[in-house]
Amino acid sequence: MYDLVILLSRYLFIFYIIFFVMQSVRIFLGESGMARVKPYLCYAYQKVTMVFMHLTAFIILAYNNGEYSFKAEGLVLCGAGLLFICIASWIWEKVYRYSNKLLWNTIIFFMDISIIMLYRLNPQIALRQAEWIGIGFILSLIIPLLMKLIKKPEKLRILYVVLMYILILLPFFAGREEYGSLNWISIGSVSFQPSEVVKFLFVFYLASKFKERFSIADVLGTGLVTLGIVGSMVYQKDLGGALIFFVVYVIMLYCATGRFFWLAGGFGLLIGAAFAAFKLFYHVKVRMQTWLDPWQDPSGGGYQVLQSVFAIASWGFLGRGLGRGIPQKIPVVERDFIFSAICEEFGSFFGICIIVLFITFFYMGIKIALRGRKSFNVGLALGFTVLISFQFFLIIGGVIKFIPLTGVTMPFISYGGTSVVVSILIAGILQWLNGDAEKEELEEAARLEEEERLLEEYENLSEEERNELDIIMSRRAGDSDEIEEIY
Amino acid sequence: MKSKKYIKRVILIFGVLFVLLIVYIVKIAGFDRYETASSTYNPRLSITDETVKRGSILDRNGVVLAESTWNGSSYTRAYPMGRYTAHVTGYTGVGKTGLEAYAGFQLTNIKDEIVQRFKNAISETEIVADSVQLTIDSDLNRKAYELMNGEKGSVVMMDPSTGEVFVMVSSPSFDPSTAAENWESLRDDEDSPLLNRAVSGYYPPGSTFKVITALAAMRNLGGYRDFVVDCTGAADFDEKIIHCYNNTAHGTMNLENALKYSCNTYFAALGKEVGGKALSDTAESLMMNTDIEFTLGKFKSTENLDFFSRESEVVETSIGQGETLVNPLYMAMLASSIANDGVMMKPYIISNKIYYDGNTGGYTLPSRLKTVMSVDEAKELKNMMTAVVESGTGTDAAVWGYTVSGKTGTAENPNGTDHSWFIGFMTDSEGNSPYAIAVVIENPEGSTRGAWVAGELLRYAVNNQ
């Protein structure tokens, strides 16, 4: 009977995610004027969908089969999750002015999937992830204040570079190796990846350089800074991280200069570097070979990625049903391979829908960049959107064996303190940029309205009055010239 | 701001990347699903759900080869045909082998799972996973096993025009029902009863390889019909003396007679004339040195001649010695391709699935592996092979009322008496070839044991249709 319920629940979950995606699409259609929709209804539908999905999942997961009872910790987590779904975006909207509701809903949806899947894999881990989400949430509330305090963040370029290099070189002195990469440092019992913090500094640095006229000297300068960062990450064996930074740099360079040459050259360099790394570094070679033919060593080097592909492929598009699969067979399933676990139990179709949802996230991020007035803001939005999207592509591509596996986390969904906090903060910055752009648009609209009003008044004046006004205006203009001369 | 134009292009770049991800997921979870999931490395196949009846394995006539039955507290697996089909069905218990492993995905997949579980919840009917029906004929398998009379070796019989495998016997065999209990003694047995010799047993082909040498001559030697050798029972080659069987002097031989009497000195000279490169090319065109996919694991028959091979290697390979290794299934495919006008079919053993409600589906369609030779080449080889059975070394394989074409072989075995081979096929009066066969018997008493087993089995098959 329990099995039957779970089997049927697969259809429910697919319905939930399709319905959620549909609302997102409707909102986009409404915004572009292609359909008439009531956005507030769509947001509300999404909220309701999340509540139902959360309840369905936790009723299944917290139930003790055969004992007619529920696990206490499951119910607590279920309640906490419901509370978060209901009030998080409400608080966010209060703190962030003019924020994008759809973007909030989307990331809450991602984090809910994360909590559900982690609870299914290991309740202890899910509780810790919930704590991290809470911490990320609280930290994200500070962003608007911080951005207000720092008047001109684009002027702090030197600070970014210095901090960035301190952090990225720190693991060489105080680091330790985890998951095969030397990019962790611990402070007390908390260990974190400095490269996650460097992400912010890096994008802020590039954005501060992001401007209309981009000279060869700028290309060289930013290129050298990037090279240093990427190089030390490669040395720390954090290939995925290095790749993300490099791609962010190339894309931003391309957008700033408009030269296709940089894009092509960047990717040419990437392929060259990959080839050289293949020849030079043993661990890169092993990874490439594992990707090309995991069947060479199915119980050794190819084990991880094959287990992942088995998990995704075995149960087809509908999945095995929540709690009925064996995702634990995949090493580090709760971090890098969470997507495979989702596909195994919710079905590959659900996994595809997550990708579609992420496309909407990416689209929203790019739209924020397109709305920006200041080139710094455009650079920030573009940089962060590309960064998080490429990270998403890298890990999904890796676990489905589309590209070689690079150990990066899946934004919002993988287990991991730094990963989830950084993801939330990036979303927070995007929201702040969205609010800023919206504010400026509104101000501009108000200014235009005022100008129009004045023009209308001017037209209504008599000939004499007009002449008088013109004289006053020209005098004022002369005054300001004089003032500048004095300075 | 001009950069916005380029930012819009970034949408395109990432759009393509994300769409590629989706397409790839559809590929692995949709198109490649069965192939991937059926891997024996997939731990999902060994999820044991005690409430589900594992699918049965049936032969082509519906005879049960493996079945799970409810004994009141759990399901137990029984193998009614026991050791006759042991290497086909494999066993479950200490790991899984045979189809229990390779068809594990089908045997645990539950068709209409929701419907079945719903019925189960209401009326406690059994939840039944999909069964598979094989192309195997268990009666012929039994006969073949009995004909081998405990000697080591293997018999493979198949349909040349479809690739269906009728018989796959490997001897010695084991009882799959008790394999789990006796596993350690089976594993340590020197005769390797657990090894499926039909697929994983590699032997030197002996004189059966002469068919390939003959084909290489037909392709590369313009005047091969006039190529004659005076056989004195032995001949000197560079670093190597080639003897005919029992040092029999065959006299003046042409290609047809040499094949008929399996004259080693003739074929050694022919191979030398053709050359290592051409011989190797011909063997490779016949799918040697190539991985061939099969339900019970992929296999590869190998030879390693090339342009630089020494003369001694070339002459040895020409008569099926040297470093050439073939498995019985491949030899049956080779015989099949000659019977089937040069078209080699992909061998298959699972015919279809049978679902819980008795409906069938998931039929395997015969598919062409490769056209390995022209119709004329096939015809010419067939005529020569017919002579072998009519009046040459393979008369033991003759079947009354049919034309049997074949080639015997005696593979030198460094560890004991020689192995006896027979490959061939049977053609009826209308020109159809219902059976192709490959037999190998390890260290038998007489050198024509292989041909005799093949003949007995073909006669049995004809009389019991």
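Contact here means heavy atoms within 4.5 Å. Helices (H or I, at least four residues) and strands (E, at least two) are DSSP runs, numbered from the N terminus. Buried means under 20% relative accessible area, exposed over 50%, and partly exposed in between (1.4 Å probe, protein chains only). This is a predicted model, in which local features need pLDDT of at least 70 and side-chain atom pairs count only at pLDDT 80 or more, while totals for chains, interfaces and linings use all residues. Residues are numbered from 1 along each chain as its sequence is written, chains are lettered from A and ligands numbered from 1 in the order in which they are written, and side-chain values use heavy atoms, with hydrogens and water left out.

**Chain B as a whole**

Of the 465 residues in chain B, 56% are buried. Among contacts in chain B with a separation of 6 or more, 67% are between residues 24 or more positions apart.

Switch to a surface. Chain B exposes about 18900 Å², and carbon and sulfur atoms supply 48% of that area (Shrake-Rupley method, 1.4 Å probe; for residues, only the protein chains shown count as cover). Colouring by charge picks out 41 positive and 56 negative side chains in chain B, the centres of the two sets lying 11 Å apart. Lys and Arg count as positive and Asp and Glu as negative, without His and the chain ends; the place of a charge is NZ of Lys, CZ of Arg, CG of Asp or CD of Glu.

**Helix 17 of chain B**

Select residues 449-463 of chain B. The expected span of a helix is 1.5 Å times one less than its number of residues. For the 15 residues of helix 17 of chain B that gives 21 Å, and the end C-alpha atoms are 21 Å apart, which agrees. Because 11 of its 15 residues are buried, helix 17 of chain B is largely enclosed by the rest of the structure. The buried residues include B:R449, B:G450, B:L457, B:L458 and B:Y460.

**Helix 16 of chain B**

Next, select residues 375-391 of chain B. This helix has 17 residues and reaches 24 Å from its first C-alpha to its last, close to the 24 Å expected. Among its buried residues are B:E377, B:E380, B:L381, B:M384 and B:V389. The buried residues of helix 16 of chain B pack against helix 10 (210-220), helix 11 (255-261), helix 15 (328-339), strand 19 and strand 20 of chain B.

**Nonpolar cores**

A nonpolar core is a set of buried Ala, Val, Leu, Ile, Met, Phe, Trp, Tyr and Cys residues joined through side-chain atoms within 4.5 Å. Select A:W92 and A:I354: of the 151 residues in the largest core, these two touch the most other members. Helix 16 of chain A (residues 375-399) supplies the largest share of this core, 16 residues. Apart from it lies another core, of 92 residues, among them B:L65, B:Y91, B:L215 and B:M384.

Which residues does A:W92 touch, not counting those up to four places away in sequence? They include A:F84, A:W104, A:F137 and A:I424.

**Loop positions**

Select B:G342, in the loop between helix 15 and strand 15 (343-345) of chain B. B:G342 is buried, with a relative accessible area of 0%. B:M373 is 31 residues away in sequence, but its C-alpha lies 4.5 Å from that of B:G342.

Move to B:D238, in the loop between strand 12 (234-237) and strand 13 (240-243) of chain B. B:D238 is partly exposed at 39% relative accessibility. Leaving aside residues up to four places away in sequence, B:D238 touches B:E311 and B:S312.

**Backbone geometry**

Select B:S171 and B:P172, which are joined by a cis peptide bond with omega about 0°. B:P172 is in the loop between strand 10 (165-171) and helix 8 (183-188) of chain B.

Finally, select A:Y98, which has a positive phi of about 50° although it is not a glycine. A:Y98 lies in the loop between helix 3 (72-95) and helix 4 (101-121) of chain A.
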